[in-house]
Amino acid sequence: MRTVTYCTENEETPSSTPANAQTGTYPERPIRFILSAPAGGSLDALGRVIGEKLGTAWQQPVVVESRAGAAGMLAATAVAKAPPDGYTVLLSLASVVQNTVLRRATPYRLQDLTPVSLVATMPVVLAVRGDNPAKSLDGLVRMAREPQHRVSLASWGNGSTGHIISEAIGQKSGANFIHVAYKGEAEPLPDLLGGRVTAATGSPGFYLSQLKDVRILAVAAPARLSKIPDVPTFEEAGYPLANLSGWGGFFVPAGTPAPITARLSAEIQRIVALPEVAQRIRSMEYEPVGSSSEAFARFIEKDAAQWAAVVKKGNIVLD
């Protein structure tokens with residue numbers, strides 16, 4: 001476990017606002033960010049950037065603590081069971097939702113957490129080897145429908161976003177794709193380039209660095225990516241249920257007073273909109289969002305429904 005504390009002592013405290021009055025003296029002691037991913041990764045970087053800015057603005061230490069393990073369930077459970085006072089905040093990947101639809105039972109429920117703000121979406125791309133005859137997603141589907149081809153799609157694990165994307169494509173098209181699970185997004189690359197798997201899913205940051213050897217056919221994201229503007233989203237390509245991008249967002253325990261949730265959400269939105277923070281997020285090949293609590297709740301509802309539809313039809317269960 002890695003813990004980092006941020007606080008700046010010598011800057012002026014922001015002036016009082018109606019939101020401040022409604023939340024009383026909040027915050028009057030350190031705030032803990034509990035992260036669902038290991039230290040040193042992209043979620044850790046997001047937490048540290050936002051924690052530093054929040055500590056400066058509110059003149060309170062922000063402790064960033066990694067509680068990785070059990071596909072994010074350790075962190076989610078810890079926050080779900082924490083006092084609902086705004087001092088214990090979850091920063092999680094989409095696994096906080098995915099676990100509830102992929103597993104028969106989880107130690108927390110989505111209702112145990114209140115969404116605060118969607119910080120960033122984390123696109124997923126589908127890539128083939130550069131000399132693959134499939135020039136588009138439809139081309140790959142046509143190849144999979146031909147009996148002489150054995151089309152395999154690699155992902156970074158059973159139940160991963162990449163796995164569900166491959167299932168969604170197969171369900172919509174009726175094509176027979178063979179899912180091959182690896183332990184990380186980098187592991188399939190030698191097999192992709194060696195022709196042992198046909199296609200692979202992963203982050204834009206990873207596959208954009210391999211463009212001399214691979215071709216990206218589609219991206220799971222709300223909109224096309226600026227670095228590959230000619231590559232359609234899965235929704236544009238006709239596969240809306242496969243348009244499952246990853247994301248990172250903040251939650252507080254259910255029952256946290258609404259004014260505290262609103263103040264925390266407003267401050268996170270302000271921080272994400274800062275040019276230097278937005279640029280840092282984009283440097284990770286993510287798209288900054290900074291949504292309201294209400295917009296994040298709607299986003300989660302749609303995301304969970306998409307996951308549930310594919311998982312149920314594909315009979316995918318992790319336990």
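Mentor: Two strands pair if DSSP finds at least two bridges between them; strands (E, at least two residues) and helices (H or I, at least four) are DSSP runs, numbered from the N terminus. This is a predicted model: local features need pLDDT of at least 70, side-chain atom pairs count only at pLDDT 80 or more, and totals for chains, interfaces and linings use all residues. Residues are numbered from 1 along each chain as its sequence is written, and side-chain values use heavy atoms, with hydrogens and water left out.

Trainee: Which residue in E9 is the bridge partner of Ala154?

Mentor: Strands of a sheet pair through backbone hydrogen bonds, either parallel or antiparallel. Here, Ala154 has Ala200 in E9 as its bridge partner. Strand E7 (residues 152–155) and E9 run parallel, joined by two bridges.

Trainee: In what sense do E6 and E9 pair?

Mentor: Strand E6 (residues 124–129) pairs with E9 in the antiparallel sense, over four bridges. Opposite Leu126 stands Thr201 in E9.

Trainee: What is the order of the strands in the open sheet?

Mentor: The five strands follow the order E8-E7-E9-E6-E10, with mixed pairing. Strand E8 (178–181) and strand E10 (214–220) stand at the edges with a single partner strand each, so one side of each has no neighbour in the sheet.

Trainee: Are the residues of strand E9 buried or exposed?

Mentor: Buried means under 20% relative accessible area, exposed over 50%, and partly exposed in between (1.4 Å probe, protein chains only). In E9 (residues 199–202), Ala199 and Thr201 point one way, Ala200 and Gly202 the other way, and all are buried.
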